[in-house]
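Dear colleague,

I am handing over the structure below and would be glad if you could look through it alongside my notes.

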Amino acid sequence: MKPEMDTPPWVVMKFGGTSVSSLSGWETIESVLRARRAAGERPLIVHSALSQISNMLETAIDAALHKKETGIVDEIAQRHIALAADIGVDGDTLIAPSLKRLKQWLGGIALVGEASPRVRARILAQGELMATALFSERLNMQGFAVSRFDAGDGLVSVQPDQAGSVGQYLCALCDDVPDAALQKQLRALPGDMVLTQGFIACNQKGETVLLGRGGSDVSSALFAAKLQAQRLEIWTDVPGMFSTDPRLTASARLLKDLSYDEAQEIALMGAKVIHPRALPPVRRAQIPVQVKCTMLPDAVGTRISAAPLDTNARVKAITVKHGIVLVSMTSSSMWGEAGFLAKAFAAFAHNDLSIDLVSTSEASVTVSLDTGQNLDDAALERLQDDLASLCRVSILRNCASVSLVGRDIRTILHKLTPALALFREHPVRLVSQAANDLNFTVVVDEDQAQKLARRLHDEMVEVEPQDKVFGPPWEDSTILPTPGPVTLPWWVTKQATLLAIKPDGEAAFVYDIETVKTRAIALAQLTNVKRAFYAMKANAHPAVLRAIIDEGLGVECVSLAEIEHVFNHLPGIDPGQIIFTPNFAPRDEYEAALARGVRLTLDNLHPMEHWPELFADAEVILRIDPVRGRGHHRHVQTAGARAKFGIPIADLAQMRTLAKAAGATIIGLHSHAGSGILDPGHWRDIAELQASLAGDFPDLRVLNLGGGLGVPDTTGANALDLAALDENLALVRAACPGLELWLEPGRYLVAEAGVLLASVTQTKTKGTSAYAGLETGMNSLIRPALYGAHHDIANLTRLHEGARLAPISIVGPICESADILGIDRYLPPTSEGDVLLIANTGAYGAVMGTSYNLRAPARELILESSD
């Protein structure tokens, strides 16, 4: 039955927690509501809790269970009262009933030591109830005629009553059948709009139940279907759905137009703009969805419907889903055995574990487990026990899925050929091609996923002129705001100086010594690191070395030539400030280093076994293989059987025997897993591994945790949290009070301090692709070609002109297809003679330069510190 035509059509509008948490957000919402009212539409507003309130309520429950006094209820109250003051309503009075209930229920939990699903649902619902109380009052004060409607009166769970069931109360299911009675009930309410809660429903007994996290999206879709609404609008804090996470690459494109199936697949495979459970109700009801941004209400957003404007086969999004757990089941009797999978999957069902991806062969099956469920060690051990009689089981954590999403993906598999080469550098744990022909998914190690996704996006997302699907890029500042506060890089404020010192007809690296000193001081101030040694292979310029040494750091060298370079340019340096960490170096380098009195790290049995006389009375550090490599590319991963570095843990006993026979003393253990690591817990993991071996080395004084401290690839991306790193190492020091902790940072100290300046020599257009050629390329900066590394690129000449940006690929003059410094970078109109700046080139730039094609690499220049 269709709604009566003489009544205003319903438009369901869901506003997320960020949208409703500030006065400015609500002023925008009120403006949008006026526009809908003027258009003759009747809004049903689905209101979320304020940002982070649901998480705070979860924390309050856990605190009550452990009888901890956290004051979190008072903090929740203050958040609402402060916002109420901003919007001009009486917050104390409006939220008092909810606060009273919260204190009663949390007190009951503390008393009995138990929080049933039914009580949890009641507590978590208070976030939406408090928020709607505030904004119902606000809207009426602003001249809107608003009726409040309790969501539980319109959304009723269809699940059978199961006493105490978690799913029944915390992840309820409701039907989406058009509801004539609900339509009549809401039409009869006074006013020109209705305000209700997201997330909340009720069961057949009238008890409060919840629709699961992200349930406000689901609530709005259910209401839209039941009311046969004209449209569903999802208002959030981003301008729509994008071709990938904008934090991975600034070239992520707005997806202007999608089908229901495509949008749901993108949401299921990791995008978080809209909940995947919100799409089936509107798809069945054929209700179009518009994803809009509260901060940019006039932006086009994303339209989702049954009639997308482009139905061609193409990749529309690259998505990443983190926290994946793989379970591999192997049995020689699997082949030909009827019912094997049924028995295996029954074990997952018995443990309430939901399977996502499946890959099979004659003797093994590997599955991935859905994120968002209980995947702690105890749950997986129970699963392993249930499967033990059926097959051998191995469980792999710390994985992520990377998916190419698009219509008719099978028909464009041939276009994956360039992308498949990337998988050689990123070990693939599972491959899945969706039965619905909407995605091609690989599962890789967690620390590989973002790099792989960014490179796949560069290879596979093709934008056409007047594209019906792809809109503007994230970084187009004329359309989109920068996400969150961003500290401008140093070179923005020194534009004029850089342009002035750039040599004519010659590219140049420029190093800002002030930035080097700032990074060195930050590392020197780590309270739990006794000593830090700069890995000078990153940048050996004498001015850089002096700046770092002046702040109290030492130097780590990997060749005799580097050692001599340090002594030549830093005369008088204490040899104890130098660590020599050779790898497959000849005997004379060890002999010369020991004669110089520098510290020595061994990463192989061979020197101690074949040249024991060198090490009589010497103190040495052993580089051990931490087994699992880390880093953004296989070429920077320095651990594991396929890496040439480090002594296997199994060989340490033999090394102890050899060292004792030679008269050497082992005073330290060293490990380095890779580069570009942003997880502050990584070095704690390394330390704990080394500490577990320390008991076998009676003279041990040092745990050298190596380097690999990462820097963000793009401006505004998350940086390594040094405070969190220090906190992690404090735990290690507490457990190992007699051992010093050392670090060997390289790129962290110098990468952001360096830029490469190069003039544009020519520009070119080929079809829809534009190119700008520079006077230098991979002969000066080989990282993009060697590692697939990303460097931000700016047109320094036109940095502040404010012209509209357009995609252009930046290439060098070297006669190699790989001489590409950046693909489809969004720059202002770029011409011959413009100076382009390539950022974060202070590390592994000039030191890796060559004269390939007999083109000289860029020279090096210094900007001295102002102090």
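Before the details, one cut-off is needed: a residue is called buried under 20% relative accessible area, exposed over 50%, and partly exposed in between. Please also keep in mind throughout that this is a predicted model.

With that scale, Phe 345 counts as partly exposed, because its relative accessibility is 30%, whereas Phe 348, at 1% relative accessibility, counts as buried. Both of these residues belong to helix 11 (residues 340-350), where they are 3 residues apart, about one turn of the helix.

Trp 26 and Phe 135 are both buried. Elsewhere, ring pairs join Phe 580, Tyr 590 and Trp 611 into a cluster.

Two arginines are also placed over rings. The charged end of Arg 596 sits over the ring of Phe 567, 4.3 Å from the ring's centre, while Arg 656 lies over the face of Phe 697, with 5.3 Å to the ring centre.

Helix 5 also holds Glu 128, which is buried, with a relative accessible area of 3%. Apart from neighbours within four places in sequence, the residues in contact with Glu 128 include His 47, Ser 48, Ser 54, Phe 199 and Ser 216. Between Glu 128 and Thr 196 the C-alpha to C-alpha distance is 8.9 Å, although the two are 68 residues apart in sequence.

Finally, Ser 328 is part of strand 12 (residues 317-330) and counts as buried, because its relative accessibility is 19%. A polar contact of 3.3 Å links the side chain of Ser 328 to that of Thr 366. Setting aside neighbours within four places in sequence, Ser 328 is in contact with Val 365, Thr 366, Arg 392, Val 393 and Ser 394.

With kind regards

Key: Residues numbered from 1 in each chain as written. Predicted model: local features only at pLDDT ≥ 70, side-chain atom pairs only at ≥ 80, totals over all residues. Heavy atoms only, no water. Buried < 20%, exposed > 50% of the residue type's maximum accessible area, 1.4 Å probe, protein only. Helix = DSSP H or I, 4+ residues; strand = E, 2+ residues; numbered from the N terminus. Phe/Tyr/Trp six-rings, centres within 6.5 Å; stacked < 30°, edge-to-face > 60°. Lys NZ or Arg CZ within 6 Å of the ring centre and 35° of its normal. Polar contact = N/O pair within 3.5 Å; in protein donor to acceptor, adjacent residues only side chain to side chain. Contact = heavy atoms within 4.5 Å.
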